[in-house]
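Let's walk through this structure together, starting with its surface and ending with one residue inside.

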Amino acid sequence: MRYAIVIEKAGKNFSAYVPDLSGCVATGASAEEAEKAIQEAIELHLVGMREDGIPVPLPSSRVEYVEVAA
C-alpha cells in the first residue's frame, strides 16, 4: 500500500504524520529522517491494527499543490 504522508518543520526538528492513519506520527532531525521514521511507524501501526482486529483503512488521501500569487 502507498499512504500519503505530511512532513513539517517543527521547531528544531521535523514531524511527520499520515492523514489516513489517525495517531500514526514520527519525528526526525531532518526531513529525510522523519520520512524514514514515518515509514517504520506506518508498518508498526498496521501490524498493531491487525493484531487488535481493527480494519486497516485503504489509502484515500490525495496530495496536490496549487499556485497562488505571493
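## The largest pocket

On a 1 Å grid over the protein atoms alone, a pocket is an open set of points with protein on both sides within 12 Å along at least five of seven lines, and its lining residues have an atom within 4 Å of a point. Grid points are joined across faces, edges and corners, and a volume is the space filled by probe spheres set on the points. The largest pocket here comes to about 160 Å³.

Who lines the largest pocket? Met1, Arg2, Tyr3, Ile5, Glu35, Ile38, Gln39, Ile42 and Glu43 do.

## About the model

This is a predicted model, where local features need pLDDT of at least 70, side-chain atom pairs count only at pLDDT 80 or more, and totals for chains, interfaces and linings use all residues. Residues are numbered from 1 along each chain as its sequence is written, and side-chain values use heavy atoms, leaving out hydrogens and water.

## The chain

Along its principal axes, the C-alpha trace spans about 45 × 25 × 15 Å. Of the 70 residues in the chain, 24% are buried (under 20% relative accessible area, 1.4 Å probe, protein chains only).

## A look at Ile42

Back to Ile42, one of the pocket-lining residues. Is Ile42 buried or exposed? Ile42 is buried, because its relative accessible area is 11%.

Leaving aside residues up to four places away in sequence, Ile42 touches Tyr3, Ile5, Val18, Leu21 and Cys24 (touching means heavy atoms within 4.5 Å). Cys24 sits 18 residues from Ile42 in sequence, with 6.6 Å between their C-alpha atoms.

How values were computed. On a 1 Å grid over the protein atoms alone, a cavity is a set of points where a 1.4 Å probe fits but cannot get out, and a pocket is an open set with protein on both sides within 12 Å along at least five of seven lines; lining residues have an atom within 4 Å of a point. Buried means under 20% relative accessible area, exposed over 50%, partly exposed in between (1.4 Å probe, protein chains only).
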